[in-house]
Amino acid sequence: MAKRVTDDEVTTLTFHFRNDVEALQVLGAADSNLRVIQQNTPARVIARGSSVRITGPKKEVSIVQQLLGQLVKRAQSGEELTEDDIELFYHQERSREAEYGERRTVETGLEEPERPTERTFGSLSIEGGLMKIRPRTEGQASYVLAMKENAITFCAGPAGTGKTYLAVAMAVNHLSRGNVQRIILTRPAIEAGESLGYLPGTFLEKVDPYFRPLYDALYEMLGVEKTRRLIEREIIEIAPLAYMRGRTLNKSFIILDEAQNTTSNQMKMFLTRMGPRSRMVITGDPTQIDLPRGETSGLAHALGVLSHIGGIAFTWLDERDIVRHSLVQQIVDAYERSEAKSGKSNKETEESKEADSEGGESTEAESE
C-alpha cells in the first residue's frame with residue numbers, strides 16, 4: 001500500500017510493508033539492502049519502522065516503488081534477498097532504458113523473442129531438489145519457459161548468466177517428477193589454452209575437473225551424498241561428449257555444456273542421440289571458442305541451420321542476465337567495449353593498408 005503526495009518539483013511516496021519482519025527481509029540486516037538502493041538512485045529513501053519514505057523525481061520514485069514491490073513478492077515466496085539482487089535490478093533497468101524501443105537481432109538473423117516480465121517469474125519456478133529455483137532476470141525467465149515447452153533448447157550467452165545452472169535445475173525437476181529416468185551431463189574435452197596430456201591419471205580423471213560446475217550445481221540442488229548415490233547407480237551420468245557416440249538415449253534429460261567447443265559433426269552426432277521421451281538442453285558462449293583456428297563451432301552452425309524446425313527453441317542471454325557478483329557485469333561490459341574498439345582499429349588499419357597499396361599501384365601505372 002502506498003500513499004502519494006506530489007508538488008511541482010518532487011514526488012513523495014510512502015511504501016508500507018505488512019510488518020517489521022517483512023521490512024527486515026527486504027531492507028536487509030542493518031538496512032544493508034536499503035543502502036544499495038540509495039547508492040543507485042538520486043531519490044532519497046528513508047526507512048521508518050515498517051515503511052519506507054521515497055522522495056525525488058517522479059520516475060526515480062516509481063522505479064524504487066517497483067523494486068520494493070518485486071522484493072516483497074520474492075521475500076513472501078521464501079527467497080533470501082541479497083545486495084546483488086538490488087544491483088542486478090538497477091543494471092537491468094539501465095539496460096532497458098538504453099535499449100528502449102529496440103528489438104535485438106542476432107547474427108543469424110533470428111529475432112530475439114519477447115522476454116517474460118517480472119510479473120510472470122513466479123510461475124516459472126523450478127522445484128524438485130532441496131531448493132526452489134526461480135529465474136532472476138527476464139532472459140532467464142525466457143530460457144526456463146523455453147525448456148518447459150520444447151524438447152530441445154539451445155541457450156547462448158556469456159559466463160554468469162545461469163545457462164548451466166538452470167539447465168541442471170530443470171533436469172533435477174524432470175527426474176524428481178518421473179518424467180525421465182536419467183540425467184546425462186556432457187561436454188567436449190577441449191582445453192581452454194591448457195594441455196590435458198601433462199596431467200596425471202586416466203583420461204576420465206584428467207577431464208573430471210572440467211565438469212566441476214556441473215557437480216557444484218548438483219551438490220547444491222540434491223546434496224553431496226544423494227548426488228554421489230545417483231552417480232553410483234548411473235541415474236546421473238557425467239561424461240565427455242566422445243562417450244555419447246553410438247548410443248540412443250531414451251527417457252533422459254541430456255545437457256551439453258560448453259557447446260561452442262563442439263565441431264559441427266560432433267553437434268550432429270550429439271543431437272541424433274536423442275531417443276523417445278528425452279529432452280536436450282545445449283548451452284554455450286559463442287564468444288569463448290577454443291577450437292583450432294578455422295574450425296567451425298557446432299553451436300554457431302546449429303543456430304543457423306536448425307532455426308526452422310519446430311520443437312527446438314533458441315534463447316540468447318546477455319550481460320543483463322549475469323547473476324554473479326555485480327562486478328562481473330562491469331567486467332563483461334569493459335571487455336566488450338575493448339574488443340569492439342580493437343576490432344574497429346584493426347579494420348581501419350586494414351583499410352589504410354589497402355588504400356596505400358592502391359595508391360602505390362596507381363603511381364607505378366602513371367610512371368609507365
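**Surface and buried sites in a predicted chain**

The accessible surface of the protein chain in this predicted model comes to about 20200 Å², and carbon and sulfur atoms hold 48% of that surface.

Colleague: How many helices and strands does the secondary structure of the protein chain come to, and what share of its residues count as buried?
Modeller: The secondary structure of the chain is made up of 12 helices and 10 strands. Of its 368 residues, the share that count as buried is 45%.

Colleague: Is S278 buried or exposed?
Modeller: S278 is placed in the loop between α10 (264–271) and β9 (279–284). Its relative accessibility is 6%, and since the cut-off for burial is under 20%, S278 counts as buried.

Colleague: What distance separates the C-alpha atoms of S278 and V180?
Modeller: Along the chain, S278 and V180 are 98 residues apart.

Colleague: Which residues make the nonpolar surface patch of about 330 Å²?
Modeller: One member, Y335, is found in helix α12 (residues 326–367), and its relative accessible area of 55% makes Y335 exposed. The nonpolar patch of about 330 Å² is made by Y335 together with L327 and I331.

Terms used: Residues numbered from 1 in each chain as written. Predicted model: local features only at pLDDT ≥ 70, side-chain atom pairs only at ≥ 80, totals over all residues. Heavy atoms only, no water. Patch = residues over 30% accessible without salt bridge, like charges linked within 9 Å, V, L, I, M, F, W, Y side chains within 5 Å. Areas by Shrake-Rupley, 256 points an atom, 1.4 Å probe, with all protein chains shown as cover. Salt bridge = Lys/Arg side-chain N within 4 Å of Asp/Glu carboxyl O. Helix = DSSP H or I, 4+ residues; strand = E, 2+ residues; numbered from the N terminus. Buried < 20%, exposed > 50% of the residue type's maximum accessible area, 1.4 Å probe, protein only.
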